[in-house]
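This briefing concerns the arrangement of helices in one protein model. Please consult the sequence and the structure shown here before reading the points that follow.

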Amino acid sequence: MFVSQLFAFSELEFVSCNCVKLTLFRAENSYFCDLKPRDHFMIDEQHLKQFQLFFDSYMESFLQIDEDVTTHIKLKYDHTLKVKKLTEEIGESLHFTETEMLLASTIALFHDLGRFQQFAEHRTFDDSKSVNHAQLSVDILQQKQILKDLPESEQELILTAIKNHNRFEIEEVDENVSTFCKIIRDADKLDALRIMVDHYKQVNVKPNVLAHNLPVSNEVAPKIVKALKNHKSVLKADVVTTTDFKLLQMGWVFDLNFKRSFQLLSEMQLIKKLYDTLPKNDQIIELYRIIKIYLENQLL
Ligand SMILES: [Fe+2]
């Protein structure tokens, strides 16, 4: 049992060297620490270069199908590069070693690999209407043996983080693996929010692929109000309209894991920008206030 599992902590800080990782936890006015040996990984720069070459050529193989596929494939390619950058920012804030950073970057690079095939075959990014894109990413990496030059344990870590990036909750995994799962989940949500904010500005009034073709309505499902008031993420199954979907995305704030992620969310003003695209009524104004206060508290 780790100290972090015993208390509700308001802040985490990592002080690292190549051999050990010292984690400082703050709970109210007390500090606790946790000292663990660091993992040593075999991944190197050359591996990541090879992975990037594969990723680029794999993406290009989908560009000849038609214009609709090309547009959506390019959007996911751009998303991947931005998620990789956000991953590095979060990794730096955690004082990641060079090999930890290379692993986190590999996870970011491949986390949405399955999106290309998903869109080419199903013309949607809605997993519930097509395939689980995270599992598909894992399947493609395994079938093509892309990670074969890495030790088994590092392959397993990468695949576990990818498989968990779109789950409602992370499955039970080792704490070190869990850190990698949390980083990709945070980075992915931050860039998904950026994409949606840009997208809603252009096509706010009609159903569209990125909003999963949901009907436009000002109504909010009661289960969504209840979840957000309790500082909980919204279940996709409870989403009925585009307004619900936007609130689900605003509720991602309750599933972020690192202080740097909250800072990035705040710096990009994504919650405010998303709120600006929502219809205004007492319920929505109240939910925005709850989310805003929660975010501000994470930045203290
Ligand atoms: Fe993603």
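A residue is termed buried if 20 or more other C-beta atoms lie within 10 Å of its own, exposed if 12 or fewer do, and partly exposed in between, with C-beta atoms placed from the backbone. The model is predicted, and local features are reported only at pLDDT of at least 70, side-chain atom pairs only at pLDDT 80 or more, while totals for chains, interfaces and linings use all residues. Residue numbers start from 1 along each chain as its sequence is written.

**Overall composition**

- The protein contains 13 helices and three strands, where helices (H or I, at least four residues) and strands (E, at least two) are DSSP runs numbered from the N terminus.
- Of its 300 residues, 33% count as buried.
- Among contacts with a separation of 6 or more, 60% join residues 24 or more positions apart; two residues are in contact if their C-beta atoms, placed from the backbone, lie within 7 Å.

- Helix α9 spans residues 222-229, and its buried residues are I224, A227 and L228.
- The face turned away from the buried side of α9 carries the exposed residues P222, K226 and K229.
- K226 lies in helix α9 and is exposed, because 12 other C-beta atoms lie within 10 Å.
- K226 and L287 are 61 residues apart in sequence, with a C-alpha to C-alpha distance of 9.8 Å.
- After α9 comes H231, which has a positive phi near 60°.

**Packing of α9 with α13**

- The axes of α9 and α13 come within 10 Å and cross at roughly 25°, the axes being lines fitted to C-alpha atoms, for helices over the stretch in contact, and the angles running from 0 to 180 degrees between N-to-C directions.
- That angle makes α9 roughly parallel to α13; angles under 35 degrees count as roughly parallel, over 145 as roughly antiparallel, 65 to 115 as roughly perpendicular and the rest as oblique.
- The two helices, α9 and α13, cross in a left-handed sense; a crossing is left-handed if the near helix is turned anticlockwise from the far one by less than a right angle, and right-handed if clockwise.
- V225, L228 and K229 of α9 make this contact with Q283, L287, I290 and I291 of α13.
- The contact residues of α9 and α13 divide into five nonpolar, one polar and one charged; Ala, Val, Leu, Ile, Met, Phe, Trp, Tyr, Cys and Pro count as nonpolar, Asp, Glu, Lys and Arg as charged, and the others, Gly among them, as polar.

**Packing of α3 with α8**

- Helix α3 (residues 67-93) packs on helix α8 (residues 175-202) at an angle of about 130°, with the axes 8 Å apart.
- The angle therefore makes α3 oblique to α8, and the crossing of these two helices is right-handed.
- From α3, the contact uses H79, K82, V83, L86, T87, I90 and G91, and from α8, I183, I184, D186, A187, D188, L190, D191 and I195.
- By class, the contact of α3 with α8 comprises eight nonpolar, three polar and four charged residues.

**Helix α11**

- In helix α11 (residues 259-267), the buried residues include S261, F262, L264 and L265.
- Viewed down the axis of α11, the buried residues fall within an arc of 160°, so they line one face of the helix.
- The elements covering those buried residues include α3, α8, α12 (270-276) and α13.
- R260, located in α11, is partly exposed, because 18 other C-beta atoms lie within 10 Å.
- R260 touches E89, I90 and S93, not counting residues up to four places away in sequence.
- R260 and L86 are 174 residues apart in sequence, yet 9.7 Å apart in space, C-alpha to C-alpha.
- Just after α11, Q269 takes a positive phi of about 55°.

**Packing of α5 with α6**

- The axes of helix α5 (residues 114-122) and helix α6 (residues 133-143) come within 7 Å and cross at roughly 115°.
- The helices α5 and α6 are therefore roughly perpendicular to each other, and α5 passes α6 in a right-handed crossing.
- G114, R115, Q117 and Q118 of α5 meet H133, A134, L136, S137 and I140 of α6 in this contact.
- The residues of the contact of α5 with α6 divide into three nonpolar, five polar and one charged.

Key: Arc of directions from axis to C-beta.
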